[in-house]
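I opened the notebook to record what I looked up in this chain. The entries go from the overall picture to single residues.

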Amino acid sequence: MSWLLALIILGVGFIQLPMLLDILSSSTGQRVSILKTSHRVLQLFVVACTLGVFVGVYAVFAVYHMPVLWNHGPLAFMIHAVPVTWLWSMALLHYSVAVMVAPSAEEKREKRVPGFDHTCPFTMNYVWDGNFASFYLFINYVCLGMVYASVTTFNDFYAAWIQPLLQGHSNDELDSHSLVFVGASAILQALTVFWVWQTLLLLLDQTTPEAIAYVQEHGAIKTLYDCFETRDHQRYQRLIRPHLGLGLLYASSMMEDKP
């Protein structure tokens, strides 16, 4: 367990390193070439690893699970394969937009990025008005994918771990599907917390820095009350609603509008 905790800490520290290099290179007022190069290399590496996980997960599903589904009949194949392919394709599409649509160098240098929310270590990019819709929809699609993975592997997890424990004996055979449930449910819990926070920000019509300042001034209870009292939801109407259900058209338009 201590080794696992150490790996998690090192992993989190590693994905934060490119942002630290970016801050150092900009805070000195000089474009230090070694810092810029290191930041770019680490940025590409983290993004490539994330994209690799996407492709790898779907490849496992396509190679090992789609043939099994087809053997159960066309209906079972359609019920499972089509939604999973759609979810993963849309998640990858919106992740790509969240990575590639960045504010201009002048906006970053002068620290006036429109609608700046936070800097995401997994996209190695600012989350701002230009890519917030894709970032938010990406979280939604990944959460739905993790719900599917958790539901479809729960029986394997129960049979491999819970049932032997209830019957008073150990299970010597390790089922890989049970491990999928553990990973999927853990990712789902973490992303759900983040999704709730981003949804509350939309309801509050504020970004993360604005919401933190608002909570400090008015308190958490007043902030939650205002989330559900707000009626116009301008940020949602402006950034999210026009693009729901139009993933491909939205992504292409965002790439065309990229600074």
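My entries follow, grouped by topic.

**Entry 1: the whole chain**

I noted at the start that this is a predicted model. I looked up the secondary structure and found 10 helices and 2 strands. I then read the order of the elements from the N terminus, which is α-α-α-α-β-β-α-α-α-α-α-α. I checked burial over the 259 residues, and 36% of them count as buried. The chain exposes about 15800 Å². Carbon and sulfur atoms supply 69% of that area. Residues 24 or more positions apart account for 66% of them.

**Entry 2: salt bridges**

How many salt bridges does the structure hold? I found 2. I took glutamate 106 first. Glutamate 106 pairs with arginine 112, and their closest N and O atoms are 3.2 Å apart. Glutamate 110 also forms a salt bridge with arginine 112, at 2.6 Å from N to O. I wrote the three down as a network of salt bridges linking Glu106, Glu110 and Arg112.

I then asked how accessible each member is. Glutamate 106 has a relative accessible area of 40%, so I logged it as partly exposed. Glutamate 110 is partly exposed at 43%. Arginine 112 is at 42% and counts as partly exposed too.

**Entry 3: two positive phi angles**

I looked up lysine 111. Its phi is near 55°, a positive value in a residue other than glycine. Where does lysine 111 sit? I placed it in the loop between helix 4 (105-109) and strand 1 (118-120). Its relative accessibility is 77%, so I logged lysine 111 as exposed.

I found methionine 124 in the loop between strand 1 and strand 2 (125-127). Is methionine 124 buried or exposed? Its relative accessible area is 6%, so I marked methionine 124 as buried.

**Entry 4: glutamine 198**

I located glutamine 198 in helix 6 (residues 176-204). Why did I log glutamine 198 as buried? Its relative accessible area is 1%, and buried means under 20%. I then listed its contacts, leaving out residues up to four places away in sequence. Glutamine 198 touches Asp117, His118, Phe132, Tyr136 and Thr208. I followed up on aspartate 117. Glutamine 198 and aspartate 117 are 81 residues apart along the chain. Their C-alpha atoms are separated by 9.7 Å.

**Entry 5: helix 7 against helix 8**

Two packed helices are described by the angle between their axes and the distance between the axes. I looked up both for helix 7 (residues 208-218) and helix 8 (residues 220-229). The axes come within 7 Å and cross at roughly 125°. That angle makes helix 7 oblique to helix 8.

Which residues meet between these helices? From helix 7, I listed Tyr214, Val215 and His218. From helix 8, I listed Ala220, Lys222, Thr223 and Asp226.

**Entry 6: a nonpolar surface patch**

I finished with a patch on the surface. Val60, Val63 and Tyr64 form a nonpolar patch there. Together they have about 320 Å² of accessible area. I looked up valine 63 on its own and found it in helix 2 (residues 33-71). Valine 63 counts as exposed because its relative accessibility is 54%, and the cut-off for exposed is over 50%.

Technical notes. Residues are numbered from 1 along each chain as its sequence is written. This is a predicted model: local features need pLDDT of at least 70, side-chain atom pairs count only at pLDDT 80 or more; totals for chains, interfaces and linings use all residues. Side-chain values use heavy atoms; hydrogens and water are left out. Patches are made of residues with over 30% relative accessible area and no salt bridge: like charges are joined within 9 Å, nonpolar side chains (Val, Leu, Ile, Met, Phe, Trp, Tyr) within 5 Å. Accessible areas come from the Shrake-Rupley method with a 1.4 Å probe; for residues, only the protein chains shown count as cover. A salt bridge is a side-chain nitrogen of Lys or Arg within 4 Å of a carboxyl oxygen of Asp or Glu. Helices (H or I, at least four residues) and strands (E, at least two) are DSSP runs, numbered from the N terminus. Buried means under 20% relative accessible area, exposed over 50%, partly exposed in between (1.4 Å probe, protein chains only). Axes are lines fitted to C-alpha atoms, for helices over the stretch in contact, and angles run from 0 to 180 degrees between N-to-C directions. Angles under 35 degrees count as roughly parallel, over 145 as roughly antiparallel, 65 to 115 as roughly perpendicular and the rest as oblique. Contact means heavy atoms within 4.5 Å.
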